[in-house]
Amino acid sequence: PEHTRYRAVLMRYFGAAPVRDMEPRLRQWANRLIDRVFDEGRCDFLERLGAPFPVSVFMELMGMPLERFDEFRAIVLEYFSKTTVERRLKLQETFMAIMMEIFEDRRRAPRDDMATGLVTAEVRGQKLTDEELRSMGFLLFIAGLDTVANALTFAFRHLAMDAPLQRRLAAEPHRIPDFVEESLRRYAVVNQTRIVKKETVIKGAHFREGDMVCCPLTLAGLDDRVNPEPEKFDIDRPERKHITFSYGPHVCIGNILARAEMRVFTEEWLKRVDSFRIVPGTKLEWRGGGVMSLAELPVEWTPRKSAA
């Protein structure tokens, strides 16, 4: 229940109205990144577009120095890779130290960014403590620098293999939100962990108090009781159910921004690219864990004549 206090602070930045106001900047970032690779005709979508887009948006929102992009991205990639518990805890401390460095700087020299907003905010008459700032900074860091990057890359992996869908979305851009939502359903990337509060038995499985449980959110979207033919990617589903952003009072606070980023990038990409595909001969590698990811996504494209 105490999380409500923290959500109240963050909704000032992640609610529908502030995200709507951010859309012009989202389009600028999308086109800035596409400009960098457009004439090359091919690139690794993940590292040149899929990750830099949401990560750059988040870093600008938070007020993090963009020149440290490679450093921050490397930390996140190692954190979610196959590594030791000791190393992961060390990286976690590194995250928190970076965020506290930023928060301390804003206390000395406030700016117009979310880091300043967090250190100056008062909720119920109290400012956030250093420990609260460390925890919130850690969560924002790993979420802002990894999850949307992977969700967008999985969406574009599918789109790269579906030329008819590319043509349809280019002709009917108003259906792009349906494409985003279907991709979120079909390719959810987060596996949440929860701790059992009291002993119980579900479907013959014995859960003991204190057990840690992994909850793969992808499975909810693949439940054929709520989504007929769940493995089929269909933007025309009359009804679509998933819990990719969790649900209820703990629904992911960044879900509105994530959806907007995926929609805007797809819109801007299809305005400029006539068709694209995964580079022939590519064997894609995957990463499991708390956040699922592709190791890379090499794509090649043909520009639209109007965009060439």
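Reply: Helices, of at least four residues, and strands, of at least two, are DSSP runs numbered from the N terminus. Please keep in mind that this is a predicted model.

Me: Fine. Where is Lys203, then?

Reply: Lys203 is in the loop between E5 and strand E6 (205–207).

Me: And what is its phi?

Reply: Phi of Lys203 is near 55°, a positive value in a residue other than glycine.

Me: Is Lys203 buried or exposed, and why?

Reply: Lys203 counts as exposed because its relative accessibility is 84%, and the cut-off for exposed is over 50%.

Me: What about Gly254?

Reply: Gly254 also has its place in the loop between helix H11 (218–221) and H12. Its relative accessibility is 17%, and therefore Gly254 counts as buried, the limit being under 20%.

Me: Changing topic: how much space is in the largest pocket?

Reply: The largest pocket holds about 1900 Å³ of space. It is lined by 50 residues, and the closest to its centre are Leu139, Gln192, Arg194, His250 and Cys252.

Me: Which elements supply the lining of the largest pocket?

Reply: At least two residues each come from helix H1 (3–14), helix H4 (52–62), helix H5 (69–80), helix H8 (130–160), strand E4 (191–195), strand E7 (212–216) and helix H12 (255–272). H8 provides the largest share, with 12 residues.

Me: And how do the residues of that lining divide by type?

Reply: The lining of the largest pocket has 32 nonpolar, 13 polar and five charged residues.

Me: What is the volume of the second largest pocket?

Reply: Its volume is about 460 Å³. The second largest pocket is lined by 17 residues, of which Gln192, Arg194, Val213, Cys215 and Tyr247 are the closest to its centre.

Me: Now the core. Which residues have the most contacts inside the largest nonpolar core?

Reply: They are Met114, Leu118, Phe265 and Trp269, in a core of 89 residues. H8 gives the most to this core, with 15 residues.

Me: What does Trp269 touch?

Reply: Setting aside residues up to four places away in sequence, Trp269 touches Ile34, Leu49, Phe156, Phe276 and Trp301.

Me: And Glu267: buried or exposed?

Reply: Glu267 counts as buried because its relative accessibility is 15%. Glu267 lies in helix H12. Apart from neighbours within four places in sequence, Glu267 is in contact with Arg27 and Ile176.

Me: One last topic: which strands pair with E11?

Reply: Strand E1 (residues 42–44) pairs with strand E11 (residues 298–303) in the antiparallel sense over three bridges, and Arg42 stands opposite Glu300 there. Strand E8 (residues 273–278) also runs antiparallel to E11, joined by five bridges, with Ile278 opposite Val299.

Definitions and conventions:
Residues are numbered from 1 along each chain as its sequence is written. This is a predicted model: local features need pLDDT of at least 70, side-chain atom pairs count only at pLDDT 80 or more; totals for chains, interfaces and linings use all residues. Side-chain values use heavy atoms; hydrogens and water are left out. On a 1 Å grid over the protein atoms alone, a cavity is a set of points where a 1.4 Å probe fits but cannot get out, and a pocket is an open set with protein on both sides within 12 Å along at least five of seven lines; lining residues have an atom within 4 Å of a point. Grid points are joined across faces, edges and corners, and a volume is the space filled by probe spheres set on the points. Ala, Val, Leu, Ile, Met, Phe, Trp, Tyr, Cys and Pro count as nonpolar, Asp, Glu, Lys and Arg as charged, and the others, Gly among them, as polar. Two strands pair if DSSP finds at least two bridges between them. A nonpolar core is a set of buried Ala, Val, Leu, Ile, Met, Phe, Trp, Tyr and Cys residues joined through side-chain atoms within 4.5 Å. Buried means under 20% relative accessible area, exposed over 50%, partly exposed in between (1.4 Å probe, protein chains only). Contact means heavy atoms within 4.5 Å.
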